[in-house]
Amino acid sequence: MRSIVLLSGGIDPLSGRPAPPQGEIAAIGLARSIGGAAEGLHAGGPSPALRLAAAHGLARVDCLDGGGNAVEALATYLATYLGADPPDLVLAGRQARGGEDSGMLPYLLAERLGWPLLAGVIAVGAAADGWLSVMIGLPQGARQEARVRLPCILVAHDAAPAPPFIFDRARRAELRVVPVAGPAPVAAEGAAEGDDRPYRARPRLIGASARTGAGQVLDHPDIAEAATVLRDHLRALGVLGPSRGASPDA
Amino acid sequence: MTGRIRRDPRAERSRCLVPGGERPRLARDGNVAGMVVSRRPREATVRRIETPAFWVAAVVEAVDGGLDRWGRQLVGAARMLAGTDGGVVLIGLGDVAGNAAGEAGADRVLTVGGTDDPEAVPGVLMDLLGPFAPRHVLFAESRVGGDFARRVAARSGWPIQPGVEALNVRQGIRPCRGGRYERVAAVARVVTLPCDRVAPYAGEAREGRMLEAGPPPASPSARPVGGVVLGPVARAPAGAVPLSEAPFVVSAGQGVTDFETFHALARALGATEGASRVVCDAGLMPRAAQVGASGTVLDARCYLAFGIAGAPQHLQGLGKVEHVVAVNTDLHAAIIARAGLSIVADAQAVMPALLALLREEGA
């Protein structure tokens, strides 16, 4: 199976130095777990972050030159340049880091190609009869099985297992510039709207997080009584099953 | 009996005084008569708006038949964007009660079930939103909300502002370029909001009228779906939940020496195990279990700490935890000040007692 990982020219939010976002490393991990060929794809010029991303397990990254906006360039590349050998799977991170950072690109590409898209993929299983079984990561460790028709676009969960960084791979990775025919690049709609200024951290709403401080204090209670109070308190909070104490999955 | 209301001169006089009754109230507009007018007991009023100038929609996931904090904040943001002329329509994913939605600031409520197929979501939502032609559509920047918002924006071509951290009628501000810059722009058609960024609505209750969704029209936005088949949701066994996602964490500190009992108790409680730095340094618990600044920052609902004093670095890991329960011998430990329930006792004695209690119940 052939998979393509969409890469952004990411930066580290703290230092501003080139670094691939966690979600894209997770996407590379998913691509490698399927087996088969995995390549990187980036709409834009070669950036050092691409080499660092390739160190997690990509032999080659194609950098698209031209082709209008990113979605059009990627769609043109997938349709024409890979027309004879199209990918089965396109993987992306949840959000790029360093540009618009809207997380819209996989959705726009899916809409443009008419492919199904699934977000929050934490593991990929086997493909059979043109369908791929995947595992979706839900909050608090819950998992959901899903099947998706190939070819498809998968957005990796940030917590999907990340393959290790191997320096030698970064050195050997081939960044290939691919000219893509198309209209002159135009800014995506809404991208130019508004003005940028240095980020200012805004505090979250005061008192919104339920922070209970200095509640009930039992000073040297009877141990049996303390255990009962603890159990009843946990039960009132709803973290302990109501009828039976021991949870069956323990 | 005439229908005339009897005057109550004493009440009228008291209304002309400040609440303590010590001095007369200052009537800046000279409307003393307005104070004197006898008032009937005021009924809880509900603001109704029949034909608003425009609509603002909020797409909210229902939690246990109501709205959670995030949902109320979304409706509050929609109410703020609607102002006095606009109306707020709440699109509930799941059942939302009308009066709860009205108190949160919604004028109309539409509920939609069966959004299991993510491929069908943009079609369903755009059919629902179509008659309202909303000026803005608000989503939560959650796993589901963020996904739905992006699908709707991609299908409709509406501009989207994801992850807005500051919102008012004129502009929305969101981080961009790796979080090192923020983009200030007019509020887009589709907006997603992270939690705790906009205050919930606190004004007079709105109508919250339940609407019936009409029959789905054959819209051009409909597309053949069926590319995705979702299976059942499997809740993780407590031991397998990553510490950063676990809803219930039981944690051991220096006050715990009997780790056999601790592990047994964690299993009996169905909780994920955590530990303080000292315990991890000593090799008594794996490093992955460390809670705090140099370990894992929790997102748990409940945190049960045995023998942990609560160093500042440890408490940093509990920033988002709603309920902290502490068992510690030191009454003046920092964790006692953070905890909702504190038991000043030896953790080594409390753990077996609690375990025995749970086993007795389970048997």
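A:Glu111 has a relative accessible area of 17% in this predicted model, and since buried means under 20%, the residue counts as buried. It belongs to helix α4 of chain A, which spans residues 105-113. The side chain of A:Glu111 reaches across to the other chain, where a polar contact of 2.5 Å joins it to the side chain of B:Arg155.

The contact between the two chains draws on 89 residues from chain A and 86 residues from chain B. Together the chains bury about 7400 Å², and carbon and sulfur atoms contribute 54% of that area. Polar contacts between chain B and chain A amount to 36 residue pairs, counted where both residues have a pLDDT of 80 or more. On the chain B side, helix α11 (residues 347-362) supplies the largest share of the residues that touch chain A, namely eight. Sorted by class, that side of chain B consists of 51 nonpolar, 24 charged and 11 polar residues.

Charged pairs also span the interface, where nine salt bridges are found between chain B and chain A. One of them brings together the side chains of A:Glu100 and B:Arg174, with an N to O distance of 3.8 Å. In another salt bridge, A:Arg231 meets B:Glu361, and here the closest N and O atoms are 2.8 Å apart. This second pair runs from helix α6 of chain A (residues 223-237), which holds A:Arg231, to helix α11 of chain B, which holds B:Glu361. The two partners fall into separate burial classes: A:Arg231 is buried at a relative accessible area of 14%, whereas B:Glu361 is partly exposed at 24%.

Strand pairing links the chains as well. Strand β11 of chain A (residues 216-219) runs parallel to strand β16 of chain B (residues 341-344), and four bridges join them. Within this pairing, A:Leu218 stands opposite B:Ile343 of β16(B).

Turning to chain B itself, its secondary structure comprises 11 helices and 16 strands. Of its 363 residues, 50% are buried. Among the contacts in chain B between residues at least 6 apart in sequence, 59% join residues at least 24 apart. A salt bridge within this chain gives an example of a link across the sequence: B:Arg108 pairs with B:Glu207, and their closest N and O atoms lie 3.6 Å apart. B:Arg108 sits in strand β3 (residues 108-112) and B:Glu207 in the loop between β9 (190-193) and β10 (209-210), so the bridge ties together parts of chain B that are 99 residues apart in sequence.

Over all chains, the whole structure contains 32 salt bridges. One within chain A connects A:Arg176 and A:Asp62, whose closest N and O atoms are 2.9 Å apart. Because A:Arg176 lies in strand β9 (residues 174-179) and A:Asp62 in strand β3 (residues 60-65), this bridge ties together parts of chain A that are 114 residues apart in sequence. A:Asp62 is buried, with a relative accessibility of 0%, while A:Arg176 is partly exposed at 32%. Both residues also belong to a network of salt bridges that links A:Arg2, A:Glu39, A:Arg60, A:Asp62, A:Asp85 and A:Arg176.

Technical notes. Residues are numbered from 1 along each chain as its sequence is written. Chains are lettered from A and ligands numbered from 1 in the order in which they are written. This is a predicted model: local features need pLDDT of at least 70, side-chain atom pairs count only at pLDDT 80 or more; totals for chains, interfaces and linings use all residues. Side-chain values use heavy atoms; hydrogens and water are left out. Contact means heavy atoms within 4.5 Å. Buried area is the accessible area (1.4 Å probe) that two parts lose on being put together, summed over both. A salt bridge is a side-chain nitrogen of Lys or Arg within 4 Å of a carboxyl oxygen of Asp or Glu. A polar contact is a pair of N or O atoms within 3.5 Å; within protein, one must be able to donate a hydrogen and the other to accept it, and residues adjacent in sequence count only if both atoms are side-chain atoms. Helices (H or I, at least four residues) and strands (E, at least two) are DSSP runs, numbered from the N terminus. Ala, Val, Leu, Ile, Met, Phe, Trp, Tyr, Cys and Pro count as nonpolar, Asp, Glu, Lys and Arg as charged, and the others, Gly among them, as polar. Two strands pair if DSSP finds at least two bridges between them. Buried means under 20% relative accessible area, exposed over 50%, partly exposed in between (1.4 Å probe, protein chains only).
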